[in-house]
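Please keep the sequence and the structure at hand while reading.

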Amino acid sequence: MAYDAELLIVGCGNVLYKDDGFGPLTIQEIEKNIENRPLPDNVITIDAGTSAPYYVFSLPNDKWKKIIIIDIADFGGKPGDITELSLDDVPAGKYQDPHSISVQDPLKELNGVDVSIIACQPEKVSSPFVEYGVTETLEKSMPKVIDMVYEKVDEYFTKP
């Protein structure tokens, strides 16, 4: 997988653990509506599941200029609240996959790639119990996150 694009939109999380699946399910919503709301040719969407640190971020491509990550994060908000984080906002070792492997490390090694994280405060993460689908609270937040993604894409391609 080369992911030959200038801008990557990456949904991270595990769809089997309730709100942890927010990133991948948001990517699926974007892809489902791509005919009505297209993205530029040099943008790709990736449902990275829980493999982002291993199979996406550790395989850099010289074409990459920007990565927008959609994920959940506990930033002290109310369930469904949305915030944007930069890598500098994320303390080392605090942005981790479910196996406690830091996602920040491979992202920091992507020199010259602008990384934005659009994070949603989860209501319920059911790990280790399987429970597919996000809570209604996060489902209601999904359209706002999608709008934020498209705004970030537009900003990137219209910047001077």
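## What covers helix α1

In this predicted model, the buried residues of α1 are covered by elements that include the strands β1 (7-12), β2 (43-49), β3 (66-72) and β5 (114-120), together with the helix α4. The residues of α1 that are buried are Phe22, Gly23, Pro24, Leu25, Thr26, Ile27 and Ile30.

## How α1 meets α4

Helix α1, which spans residues 22-32, and helix α4, which spans residues 136-158, have axes that come within 10 Å and cross at roughly 65°. This crossing of α1 and α4 is right-handed.

On the α1 side, the residues that take part in the contact are Phe22, Leu25, Thr26, Glu29 and Ile30, and they meet Leu138, Met142, Val145, Ile146, Val149 and Tyr150 of α4. Sorted by class, the contact between α1 and α4 consists of 9 nonpolar residues, 1 polar residue and 1 charged residue.

In soluble globular proteins, nonpolar side chains tend to be buried together. In this model, the largest nonpolar core has 24 residues, and Ile9, Phe22, Ile70, Val149 and Val153 are those with the most contacts inside it. At least two residues of this core come from each of β1, α1, β3, β5 and α4, and α4 gives the most, with 9 residues.

When residues up to four places away in sequence are not counted, Val153 touches Leu7, Ile9, Leu39, Pro40, Val43 and Ile68. There is also a second, separate core, which has 19 residues and includes Tyr3, Ile46, Trp64 and Val115.

## The chain as a whole

The protein chain contains 4 helices and 5 strands, and, read along the sequence, these follow the pattern β-α-β-α-β-β-α-β-α. Of the 160 residues in the protein chain, 49% are buried. Among the contacts between residues at least 6 apart in sequence, 79% join residues that are at least 24 apart.

How values were computed. Residues are numbered from 1 along each chain as its sequence is written. This is a predicted model: local features need pLDDT of at least 70, side-chain atom pairs count only at pLDDT 80 or more; totals for chains, interfaces and linings use all residues. Side-chain values use heavy atoms; hydrogens and water are left out. Axes are lines fitted to C-alpha atoms, for helices over the stretch in contact, and angles run from 0 to 180 degrees between N-to-C directions. A crossing is left-handed if the near helix is turned anticlockwise from the far one by less than a right angle, and right-handed if clockwise. Contact means heavy atoms within 4.5 Å. Ala, Val, Leu, Ile, Met, Phe, Trp, Tyr, Cys and Pro count as nonpolar, Asp, Glu, Lys and Arg as charged, and the others, Gly among them, as polar. Buried means under 20% relative accessible area, exposed over 50%, partly exposed in between (1.4 Å probe, protein chains only). A nonpolar core is a set of buried Ala, Val, Leu, Ile, Met, Phe, Trp, Tyr and Cys residues joined through side-chain atoms within 4.5 Å.
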